[in-house]
Amino acid sequence: MRIQTRTQVAIIGAGPSGLLLGQLLHKHGIDNVILERQTGEYVLGRVRAGVIEQVTIDLLDEAGVGARMHADGLVHEGVQICVDGVRHRISFKEMTGKAVMVYGQTEITKDLMDGRAAVGAPTIYAAYDVALHDISSEKPRVTFRADGKEQELLCDFIAGCDGFHGISRKTVAPTAITAHERVYPLGWLGVLSDTPPVSDELIYVRHPLGFALCSMRSPTRSRYYIQCSLAEDIESWPDERFWEELKPRLDQEARDRLVTGPSIEKSIAPLRSFVAEPMRFGRLFLAGDAAHIVPPTGAKGLNLAASDVRYLSQAFIEHYAEKSDAGLDHYSDRALARVWKAERFSWWMTMLMHRISDNSFDHKIQLAELDYLFRSKAAMTVFAENYVGLPY
Ligand code: FAD
Ligand code: DHB
């Protein structure tokens, strides 16, 4: 016997997009249930994004979960870019009047989970074999197995917030969806360590040996990345090898300040650009990585997930409170307009900063573009506007 329950919005996935959507809907009295394949501990163990835009900060505040972020997050008014051992700075404040916040995705996820637990909204972790049904009808359903029992969730709408490898996008008929994709022949090898960061600001590094990024989570916790081949096996990267590969890519000052130590997390992420269009299929709405992926270079993945959720939550609120479907009808177009601009910036910054080919022409073009970036106020403004996040 299948256990049957009912909600207004069934949310698939308890990553940042699913949890944020759930919290915003709950605030507006819209009933929702989140179904997550993994356990809560597993979701919290994933180390991912670190930089959030002002619009994402505002949304977390609106969801009522911003207190710890404001207490512990680090406000960054600029970023450093190191080209072949020489460091330059771009001031966000000067170019745009704005700033970004460095606050880890793990912490955001924890704040959202705590917020959800505090209001007693249901999340079903370890929900297996999630399947979406009747998305083109007025009565969509989700079936799954949890606690060893077959269950069925009846709903008005389904929000597919289940990431790139999730089930929601795969439920749609291939003829109804257009995918645009670019795969880069490299990945990022990331290390988290309890060592002080080399700089107060992030340093993005372009170097003949390959890209590197010096980031942080707090004044005592650093996050570093280096470009690696996709064929790399994480087992063949003991900590010493990571530090040895990172060091020569840095400028002298950063090298002198670098404190190495044991890694507390180490992982490889492939670089990919991907957009699925449209983002709505009947009563199924995709949000976040379920609909699009950016290479991490522009720090846009999490921020795009948040901007989708902003459009989608407003559309659901309009539907229930004002009996208007205008927001739902425009959701896909609105979200995609912002998505494509972030895709462009992430692709551009990836091509600018990584060693992608051995062609000397490509290298010279990178250097010319970087030189132009540091000399032109117009170019720096374009960079800063995109990095801090384009307006909605
Ligand atoms: P996710 O965080 O992927 O959450 C989706 C959730 O759905 C997961 O919890 C998953 O377990 C669940 N799920 C999947 N399938 C099912 C199913 N069938 N049933 C139920 N639940 C399911 N962005 C940056 O800006 N900077 C970075 O450094 C960065 N690093 C990254 C590293 C990696 C390895 C990855 C994968 C992404 C990284 N990103 C980074 C991107 C950023 O983390 C994502 O854009 C962000 O997590 C998107 O949030 P989301 O909620 O849409 O998807
Ligand atoms: C971090 C990740 C990014 O992709 C990025 O562009 C900047 C910072 C980070 O994990 O800190």
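Predicted model: local features only at pLDDT ≥ 70, side-chain atom pairs only at ≥ 80, totals over all residues.
**Entry 1, ligand 1**

I began with the residues around ligand 1. I found 29 of them, and S17, E36, R46, Q105 and D289 are the closest. I sorted this shell by residue class and got 13 nonpolar, nine polar and seven charged residues.

The side chain of R46 places an N or O atom 2.7 Å from an oxygen atom of ligand 1. For the side chain of Q105 I also read 2.7 Å, again between an N or O atom and an oxygen atom of ligand 1. The backbone takes part through L302, where an N or O atom is 3.4 Å from an oxygen atom of the ligand. Ligand 1 has 990 Å² of accessible area on its own, and I noted that the protein covers 86% of that. Helix 1 (16-27) and helix 10 (301-322) are the elements that give two or more residues to this shell.

Y204 has a side-chain N or O atom 2.7 Å from an oxygen atom of ligand 2. R217 has a side-chain N or O atom at 2.7 Å from an oxygen atom of ligand 2 as well. From the backbone, an N or O atom of T297 lies 3.3 Å from an oxygen atom of the ligand. I then checked the cover: ligand 2 taken alone exposes 290 Å², and the protein buries 96% of that.

I turned to strand 6, residues 78-83, and found six of its six residues buried. In a regular strand, side chains alternate between the two faces of the sheet. In strand 6, G78, Q80 and C82 point one way, while V79, I81 and V83 point the other way; all are buried.

I then listed the pairing partners. Strand 7 (residues 86-91) runs antiparallel to strand 6 and is joined to it by six bridges. One of the bridge pairs is G78 with S91 of strand 7. The hairpin of these two strands has two residues between the strands, and D84 takes a positive phi near 50 degrees there. Strand 15 (residues 203-206) runs parallel to strand 6, with four bridges between them. V83 has R206 of strand 15 as its bridge partner.

I looked up an open sheet of three strands, ordered 4-8-5 with antiparallel pairing. Its edge strands are strand 4 (51-52) and strand 5 (74-76), each of which pairs on one side only. Strand 4 meets strand 8 (residues 100-102) over two antiparallel bridges. In strand 8, M101 is the bridge partner of I52.

Last, I checked a residue of helix 7 (residues 168-171), namely S168. Is S168 buried or exposed? I classed S168 as buried because its relative accessible area is 0%, and buried means under 20%. Leaving out residues up to four places away in sequence, I listed its contacts as I12, L132, G160, D162, L284 and L286.

How values were computed:
Residues numbered from 1 in each chain as written. Chains lettered and ligands numbered in written order. Heavy atoms only, no water. Polar contact = N/O pair within 3.5 Å; in protein donor to acceptor, adjacent residues only side chain to side chain. Areas by Shrake-Rupley, 256 points an atom, 1.4 Å probe, with all protein chains shown as cover. Buried < 20%, exposed > 50% of the residue type's maximum accessible area, 1.4 Å probe, protein only. Pairing = 2+ DSSP bridges. Contact = heavy atoms within 4.5 Å. Near = heavy atom within 4 Å. Nonpolar A, V, L, I, M, F, W, Y, C, P; charged D, E, K, R; others polar.
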